[in-house]
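My notes are below, in the order I looked things up.

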Amino acid sequence: MTRVIRSSAATLATGYVLLGFAALVLFAAPLRYAWQATVEDFRIELLQEDSERFAEVFRLRGPAGLSAFLTERVGMQIAGERILLLADASLRPLAGNLPAWPRGIPDRPGSYTLPVNIDGQRSMVSIVRTALPGGYNLLVGRDVERYAPLERRFWSGLAAAVAVLSVAGLLGGILIRRALLARIHGIQQTVAAIMRGDLSHRLRVRSSGDELDILAQTINRLLEQIEQLVHGVANVSNSIAHDLRTPLAELRSRLEELSLTRPSTEETFQEVDAAVSDVDSVIRIFNALLRLAEIDAGMRRSGFVEVDVADLAGKAIEFYLPAAELENLSFVFRDPGPVLVRGDRVLLGQAINNLVDNALKYVGEGGRITVEVMRRPDGTVTLAVADNGPGIPDAERSKATQRFYRGDASRGTPGVGLGLSLVEAIAKLHGGVLELTDNHPGLRAQLTLQGSLAAEEAESVQERRESLYVASDSTS
Amino acid sequence: MKILLVEDNERVVRFITHGLKESGHTTDHAENGRDGLFLAASERYDVIIMDRMLPGNLDGLAIIEALRKAANHTPILILSALSDVDERINGLRAGGDDYLTKPFAFGELLARLDALNRRGRQDAAQTTLEVDDLKMDLLSRRVVRGNRTIQLQPREFKLLEYLMRHAGQVVTRTMLLENVWDYHFDPQTNVVDVHISKLRQKIDADFERSLVKTVRSAGYMIRAEPALERSG
């Protein structure tokens, strides 16, 4: 991981430096070109014009005339700035400000810029050589050494810029790398701590909200979810182990006792039957878990159809009514006629039955259970099962839907503590929620689902009925 | 009954064939799909028990589909380790008549086989059911015992109807949940027993002979004469 970061920081810095170079070149090249074009070319042009003028003088007045003219001109010139020389066919100087024909001048006429030895000094000159009639040679030039500092400064300025850029790029690269590495290191350390098993660690998020912070936030959310899942799994496996151990322990002692005591046939069969029912309770827990897993996987969403929730609720009440009568409980059922949702008939039925069953178990002697199906103006459908029993204390209510959670009140009642988690899982599968609230007194469990009617349609079919199933009235 | 068992797990085969033999039924056994299909197509069986997953390329559902295509209407009970609701629906859609998830109680299997066997021969146009002096008129929905009319709730009527249609057979709680209430899940309560005891009060309480019997560790049965208890 470190190597990747290192190379990516280096690449970044190198890239920036190269980009700087490119920008400098793009800036300097036209400048240099413009300088060349305007200064040098213009200078040669001037020299050529001078040459032509001298050639004119030569044509009019002959070699002696030009010599006199040149000598007169040289007298007015600032020495060293300008080169003027008239020579005969054998390159012997006739007039001008050079004592001899300089070496290094090409044989043919033309304009040149080249180093030339003048007075034993080597200097850069721009020069125009003209051939005059009669084999005479004319040399007009200008010392350009005067401009050399300018060019030198240009190049050294460029070099300085490149140097500054390189140093800045290198420093920048190092700083970027260091900052990047520090934060990556932080992430690595956190992740390493998490991998060692402590899931509570979180990445530090700075307030700047840059890319790495966004990444850190995303990773934190991921960790949150992983932690919840892991804890959930740990809780569930603990609870499974615990809940399964009880019937298994019973089964084991039963079988061991059988093999030790070898009782009469009749007694043996009784014990074997009891052992089978121990196994059945284990199987029942597994079945409930498998059903939960099936729902959690969300595989059943493909088989959704229109389901009448009010009808399912009515059936559930009818199903539990005889049991309620035994406990002297009563049901109140409020529904607005058929209430359709898109869902899984079996699962929704099971969810409603679980809620009613739950209420029945905990409401207590003589209690009353209210089942209410409602269509909300926003198109959602609610199904509430409320009882006036002891309810669940505030602190415990959020835990009630945890898998295998069993409140203190439920110790000793049948069930494996999966009922409400199953209802919650079913609600989730249908894009709904299960809410547990205080019914003052008692518990109100409300399932909210998406209705299959549009909101305004739902509005128009508002109607309510209420049925009372009282314990004493066995023919209700 | 003559029963064909198509199942590859040796233990399950031993458990089922032994139990069926004890109950007086003969069983043929095939341990793969090819043999199963061959036997089912060449012999006459009252009921076929078909494992959902079999070794080889022919699985249980493929055999059932093949049999149904060949107009073989022998009742088929599907055995499966898959408990998903969807799997059950797939099994029934393929042409199976009932679906039982492993592990199961033998009593449950036997009761379902009995019910399937009976259904294969039942007269669909039957309008009255009779057990001893209890009569049920399916058209007028009247129930009479001796010369007394008995008032029943619609669901109680359905419960009694199911019991009477399977008179003399064990009916398990799961079968009642599935067929009377259409509940294909385990409500984890003993509410079915409460419904039965309520029904008993109405049809048995004031009479000398009680017709609805509890079969230990299996379920219930309605029957004319006092039945010996049977353990599953």
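This is a predicted model: local features need pLDDT of at least 70, side-chain atom pairs count only at pLDDT 80 or more; totals for chains, interfaces and linings use all residues.

**Entry 1: the chain.** I counted elements in chain B and got 8 helices and 12 strands. Chain B has 232 residues, and 37% of them count as buried. I also checked contacts with a separation of 6 or more: in chain B, 57% of those come from residues 24 or more positions apart.

**Entry 2: the sheet.** What is the strand order in the open sheet of chain B? I read it as 6-7-8-9, four strands with antiparallel pairing. Strand 6 (128-131) and strand 9 of chain B are the edges, each pairing on one side only. Ignoring direction, neighbouring strands are turned by 20° against each other on average. Then I looked for what packs on this sheet and found helix 6 (residues 154-165) of chain B, which touches strands 6, 7 and 8 of chain B. The direction of helix 6 makes about 70° with that of strand 6 of chain B.

**Entry 3: strands 7 and 8.** I went through the pairing of strand 7 (residues 134-137) and strand 8 (residues 142-145) of chain B, which run antiparallel and are joined by 4 bridges. Met136(B) sits opposite Val143(B) of strand 8. The two strands make a hairpin with 4 residues between them, where Arg141(B) has a positive phi near 55°.

**Entry 4: strands 8 and 9.** How many bridges join strand 8 of chain B to strand 9 of chain B? I get 3, and strand 9 (residues 148-150) runs antiparallel to strand 8. Arg145(B) has Arg148(B) in strand 9 as its bridge partner. Val143(B) turns up again here, opposite Ile150(B) in strand 9. This is another hairpin, with 2 residues between the strands. In its turn I found Gly146(B) with a positive phi of about 60°.

**Entry 5: an aspartate in helix 8.** Last stop was Asp193(B), which I found in helix 8 (residues 191-203) of chain B.

Notes: Residues are numbered from 1 along each chain as its sequence is written. Chains are lettered from A and ligands numbered from 1 in the order in which they are written. Two strands pair if DSSP finds at least two bridges between them. Axes are lines fitted to C-alpha atoms, for helices over the stretch in contact, and angles run from 0 to 180 degrees between N-to-C directions. Two residues are in contact if their C-beta atoms, placed from the backbone, lie within 7 Å. A residue is buried if 20 or more other C-beta atoms lie within 10 Å of its own, exposed if 12 or fewer, and partly exposed in between; C-beta atoms are placed from the backbone.
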